[in-house]
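This briefing covers one protein model.

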Amino acid sequence: MTGKRSALFVSVCLLPFLVQGSSSASAAGRAPAVQADPPAAVTAERQGRFTASTSAPVRSGGVIEDIQVTGNTRIETNTVLSYMVVRPGDSFSQDDLDRSLKTLYATGLFRDVTLRREGNTLHVRLVENPIVNRIVFEGNHAAKDEDLRKVISLRPRAVFSAENTADDRQKILEVYAQKARYAAVVTPQVIRLAHNRVDVVFQINEGPQTLIRKIAFVGNKAFGEARLSGVVSSKETAWYRFFSSSDEYNPDRLKYDAELLRRFYLSNGYVDFQIKNATGELSPDRKSFYVTFTMDEGPRYRLGKVDIRSSLRHVPAKSLRKYIELFAHQWYDGKAVQDNATDMEETLQAQGHPFAMVHPEIARNPEKGVVNLLFDVSEGPRRYIERIDVNGNTVTQDNVIRRQLPFAESDPYTPSYKKYAKAALQDLGFFKSVSIDETPGSAQDRTNVAVSVVEKPTGEFSLGGGYSTDVGVIGNIGLKQHNLLGTGVDAGLSGTMSLWEKQADFSLTNPAFLGRNLVAGVDIFGIQNKYQTYQNYSESRYGITLRMGYAYNRYLSQSWNYSLIRRSVGDTWSESSWYILDQSGKSLLSQLSTNLVYDTRDNHMAPHSGYMVSVGGDFAGLGGDERYVRGKINGAYYIPLDDLTNSHEWTASFRAGMGYMTDWGGGRHDIIDNFYLGGNNLRGFLDGGAGPRSVGYAGHSSEDLLGGRFMYNASAQLNFPIPFLSDMGVKGRAFVDSGSVAGLRVRRNLTNPVTDAPYYTRVSGDTLRPRVSAGAGFSWKSPFGLLNIDLGVPVMRSHNDRTQLLRFGFGQQF
């Protein structure tokens, strides 16, 4: 009878969760509830049946001649009989009857089961579990209905189960625990309806968020609490963290913080560091958590002897010493050691040793406080790719995914391939998640690679607005599809309107034109700029650009563009300078451009390390009115300051550029093609405000910016987190910008159209003497849009340069 007792005990103990629906629930639109038996009465009924079945032992020697089933309305009698262990013709056996009873309960279909013998007939009386009519959540705000439905097992039109209801209650509490609401209370209510149906209502009292009140560290001697608090991702609650979740208690985050502490200490020479315990204690009022990290730092080690051993064929150890980036007597840095080993491994694989492996081995010497390091270079197991399976893509075509992979069937397979393949697929922007898994192939040296993706919407409709110091109030609208029909083709149509600028663009880009490593695209555009805020003319451009590009390898790429643009300069006035009046009218630009880029940056949008060098040129004169050649070179270098600051948010960057243009063939000399300095490339100065400008003369008092044929600029910038504001998405920067532009590219032999007499207008600022500015700024990724503010103060300037101390921009897509 042990099995029967267990089944009955579970059902009875879960009854407190199934309470009768209130009158307010019926008033809210539910069907009137059928009165439920009081829990005590049900318990008594089950206890009485249990006593009766145990008090009447089965007579031995009898044979079951018939089995009668009653009480079943939805479930067929034959189905009930199939669940039972006993059959007609079997002897009455208490063990078999107990097993039959347990099996019927285990189906979850019945609320009550009674087995009774009358003569040689076995009577089975059933009370079926009701059917779930609907499931309702009340009182939930922090968690949506659809999120809660995903975690529970109950479903409409399924059989109701008290056990499942109790399990679902616990799952809902776990959802709220993930949202740092440990004071949440979930009460399941069951409202009985006609025809043995029920409504299940989960009444939820979410309670306040349970935030971290205090973070403490025990056992730390080398670093203070303030330093270690900056290492962990969990933070103490503060008023300014209303946009952050870092002060919400999360057990998984606690494990991550323990790993962050381990890496921090390991990178600072504490090889024996251990986290003894990481706990979160809930306060008695269940409103806050107290987090404690208990640790053993151990001694600090310096790097001793650094050696290398190679068993790789035709690769002697001495030839690899040049790849060692570490030196003796520095503090041991576990991350630097692993990075050095990874770099060496990838270098060897690129040099024709695809299975090369580099394992760092350390030997501690606690007496001397040093760690000897040995890089063991060997050949790993030979593995080749037998098959590549692509899973999860419902829109994106297989070939779009496969062409991003750095390997194909029959290629050698190395761990580094997995990292680069995942990064390449994530960079597409088509997928929520990407995973690459390996399974054994048909032979020991064969591997099957499974690429699994979860797609996300790639279409985009945007309405936007904002303000910038360049064009004033901005409004824009756009329609884009980044993965047109799953082909990877990017298509977009957008428009921008402001007080000083109007623009419309249509673009189409195929990243694998003709199925090759070739990017091809076209842009059709129209732009109208009114420069009246700082110039005395307006400009319009209408044209088309054909683009083509290809990559030589992972870092080196080249692009080619051909543009045909109809330009117009107008809206001049009587006091505009003679140079601007001479520019009035229309011109046609036919230009061929190319750009060669070598880019090792870790992130193109927000670089933290690496460098970029680009060399480009423009040739105008394949038809049209312009005849010039223009060359440009730009570079940027990013230095992570993680080792100095123990933070990933500090970066030093250095940028520089230079350009020169010369004319040929007697074409027009339009100033709209010149180099201009100021604004984004020289903060603290107005757009184009540094460099040559006309001086008012003889009724033409306007001083217009003319640009030049030669320009150079350079910038040094430090990006850093702002205390107390980093969690809100605010990042700061300090910068020094410099540069100059010179070399007049305007006609000097102008003639007065009224008197037909030549005249000469003076120009100021035509000098290569550097302009220098210094300042600071910040960026805020606010819920309302990205806000950029820079304060630049000119340190060195020419007498007539136009300055702009404050520069800001704000905008949002929604």
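In this predicted model, helix H9 has a buried set made up of Arg253, Leu254, Asp257, Ala258, Leu260, Leu261, Phe264 and Tyr265. Viewed down the axis of H9, these buried residues fall within an arc of 160 degrees, so they line one face of the helix. An α-helix has 3.6 residues a turn, so residues three or four places apart point the same way.

**Helix H9**

- On the face of H9 turned away from the buried side sit the exposed residues Asp252 and Lys255.
- The cover over the buried residues of H9 includes strand E8 (211-218) and helix H8 (225-231), along with strand E9 (274-282) and strand E10 (288-296).
- H9 takes in residues 251-267, and at 1.5 Å a residue its 17 residues should span 24 Å; the end C-alpha atoms are 25 Å apart, which agrees.
- The N-terminal end of H9 is capped by Asn250, which places a side-chain oxygen 2.9 Å from the backbone nitrogen of Asp252.
- After H9 comes Gly269, with a positive phi near 95 degrees.

**The protein as a whole**

- The protein contains 14 helices and 38 strands.
- Of its 814 residues, 41% are buried.
- Among contacts with a separation of 6 or more, 61% are between residues 24 or more positions apart.
- The protein exposes about 41400 Å², and carbon and sulfur atoms supply 56% of that area.

- Most residues other than glycine have a negative phi.
- His195 is not a glycine, yet its phi is positive, about 60 degrees.
- The loop that holds His195 runs between strand E6 (185-193) and strand E7 (197-205).
- With a relative accessible area of 73%, His195 counts as exposed, because the cut-off for that class is over 50%.
- Leu485, also a residue other than glycine, has a positive phi near 55 degrees.
- Leu485 is located in the loop between strand E18 (472-484) and strand E19 (489-498).
- Leu485 is exposed, and its relative accessible area is 73%.

**Gln804**

- Gln804 belongs to strand E37, which covers residues 803-804.
- The relative accessible area of Gln804 is 14%, so this residue is buried, the limit being under 20%.
- The side chain of Gln804 makes a polar contact of 3.1 Å with the side chain of Arg807.

Conventions:
Residues are numbered from 1 along each chain as its sequence is written. This is a predicted model: local features need pLDDT of at least 70, side-chain atom pairs count only at pLDDT 80 or more; totals for chains, interfaces and linings use all residues. Side-chain values use heavy atoms; hydrogens and water are left out. Helices (H or I, at least four residues) and strands (E, at least two) are DSSP runs, numbered from the N terminus. Buried means under 20% relative accessible area, exposed over 50%, partly exposed in between (1.4 Å probe, protein chains only). Contact means heavy atoms within 4.5 Å. Accessible areas come from the Shrake-Rupley method with a 1.4 Å probe; for residues, only the protein chains shown count as cover. The expected span of a helix is 1.5 Å times one less than its number of residues. The arc is that of the directions from the helix axis to the C-beta atoms. A polar contact is a pair of N or O atoms within 3.5 Å; within protein, one must be able to donate a hydrogen and the other to accept it, and residues adjacent in sequence count only if both atoms are side-chain atoms.
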